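Dear colleague,

Please find below the structure that I am handing over to you. My notes on what was found in it follow directly after.

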Amino acid sequence: MFSYETVKKVLFLFDPEKAHHIAECGLKVVGKCKILRNYYEKKNYIINQKLNQELFGVKFENPVGLAAGFDKNATMVNSMKSMGFGFTEIGTMTPMPQDGNPKPRMFRYPEYKSVQNAMGFNNLGAHAVLKNLKKVYPFPLPLGVNIGKNKYTPEAYALSDYKTLIKKFESYGDYIVINISSPNTPNLRDLQNEKFINELFSMAKELTSKPILLKIAPDMETQTAIELCKTAVNAGAAGIIATNTTIDYSLIPNCKDFGGLSGAVLSEKSSLLFKEIAKELYGKTILISVGGISTGKQAYERIKNGASLVQVYSSLVFEGPSMVRKINEEILELLKKDDYENITEAIGANLR
Ligand code: FMN
């Protein structure tokens, strides 16, 4: 089989969104073919009880998950275990299908190992995504369902979009993520306010007993972010995912002045905000850290700072799926160095 370095040389000849579609085609083939699935699973998926933990009543065999946005339409759920992931998150999907923003809307910065995207929740809509999900049920991995409002739903009706989606996906997936932190849907981040969060989680609690997590942006003042997360948890959120992409365009000279940056340039910002949130909320809720993670050392630091799980997206573009195995192997080495028998002993160790 080809190395990712070779595959990457070909993929990088294409515009990033085209390359993503090519990768999606390849992963769909892997997902459908048992021989290929098993081959890659053996290669990439680590089996070691030291990485096992139970969250939301579900067993996670390793803590490294695929972040939202890669598999928006749930077309690759069956191949993520073969990539080495311990869990996967589909979406963001919206109630109605939507095309997203005009192209080009995804850009690579290889010298910064970073990506900029302004996709705008392009997805097939809840009905079609649910159909895709049903085809691969039961899922090979724990699965998160990331939901957002349609672009043309006015702010005053946003709640009703989330209500529709929570009801629709009630029976599928292990947790739901409320995404109000994408920079690419006009005014979406305005919903990151205490009134809306309170209303949203109060409503959600009535609708389902499924764990509902809030995904936040990295661009708020630290104290504002902490207060918002506290409000969400008090209103019933089962966890916080920090963070989405950043609109701090000073991180890459001459980058576009729209969309959100992710990858290496987001790492410090995301990690610092996560650390501050965890100081307040570790032990009170489940914390997931995402943003610029590409090594086991980085993942382990987030874990020791309070993350039960981590997620990656951009580094996958530059390093390929062998990175997921590498991250898990490095976590295992670091657990050994710290004399921990299981990952749960490392979670939040810096805060105890
Ligand atoms: N996050 C979401 O919650 N929903 C999305 O639909 C979504 N789409 C994304 C599309 C692209 C092309 C990228 C690069 C990221 C997207 N994200 C989305 C954000 C990622 O889930 C993640 O939070 C962010 O990229 C930081 O992680 P990373 O540095 O590992 O990429």
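Two strands are said to pair if DSSP finds at least two bridges between them. Helices (H or I, at least four residues) and strands (E, at least two) are DSSP runs, numbered from the N terminus. This is a predicted model, in which local features need pLDDT of at least 70 and side-chain atom pairs count only at pLDDT 80 or more, while totals for chains, interfaces and linings use all residues. Residues are numbered from 1 along each chain as its sequence is written, and side-chain values use heavy atoms, with hydrogens and water left out.

The open sheet

Three strands make up an open sheet with antiparallel pairing, in the order β5-β6-β11. Because β5 (106-109) and β11 (260-263) are at the edges with a single partner strand each, one side of each has no neighbour in the sheet. On average, neighbouring strands of this sheet are turned by 20° against each other, direction ignored; axes are lines fitted to C-alpha atoms, for helices over the stretch in contact, and angles run from 0 to 180 degrees between N-to-C directions. Four bridges join strand β6 (residues 114-117) to β11 in the antiparallel sense. Asn117 has Gly260 of β11 as its bridge partner, and Val115 stands opposite Ser262 in β11. From β11, Gly260 and Ser262 point one way and Leu261 and Gly263 the other, and all are buried (under 20% relative accessible area, with exposed over 50% and partly exposed in between, for a 1.4 Å probe and protein chains only).

The barrel and the helices on it

Eight strands with parallel pairing form a closed barrel, running β3-β4-β7-β8-β9-β10-β12-β13. From one strand to the next, the twist averages 25°. Strand β3 (residues 64-66) pairs with strand β4 (residues 87-93) in the parallel sense over two bridges, and Leu66 stands opposite Thr88 in β4. Helix α5 (residues 158-168) packs on this sheet and touches β4, β7 (143-147), β8 (175-179) and β9 (212-216); contact means heavy atoms within 4.5 Å. The direction of α5 makes about 165° with that of β8. Helix α8 lies across β9, β10 (239-242) and β12, running at about 175° to β12.

Helix packing

How do α7 and α8 pack? Helix α7 (residues 222-234) and helix α8 (residues 267-281) have axes 10 Å apart and pack at an angle of about 45°. The two helices, α7 and α8, are therefore oblique to each other (angles under 35 degrees count as roughly parallel, over 145 as roughly antiparallel, 65 to 115 as roughly perpendicular and the rest as oblique). In this contact, Thr222, Ala225, Ile226, Cys229, Lys230 and Val233 of α7 meet Leu273, Glu276, Ile277, Glu280 and Leu281 of α8.

In helix α9 (residues 296-304), the buried residues include Tyr300 and Ile303. The buried residues of α9 pack against α8, β12 (286-290), β13 (309-312), α11 (322-337) and α12 (343-346). Just after α9, Gly306 takes a positive phi of about 125°.

Leu200 belongs to helix α6 (residues 194-207) and counts as buried, at 1% relative accessibility. Leaving aside residues up to four places away in sequence, Leu200 touches Leu159, Tyr162 and Ile178.

The annotated span

The unreviewed UniProt entry carries the annotation "domain: Dihydroorotate dehydrogenase catalytic" for residues 51-335; UniProt positions are given in the numbering used here, feature names are shortened, and annotations may be inferred rather than shown by experiment. The span 51-335 is 32% helix and 20% strand, and its end C-alpha atoms lie 9 Å apart.

Yours sincerely
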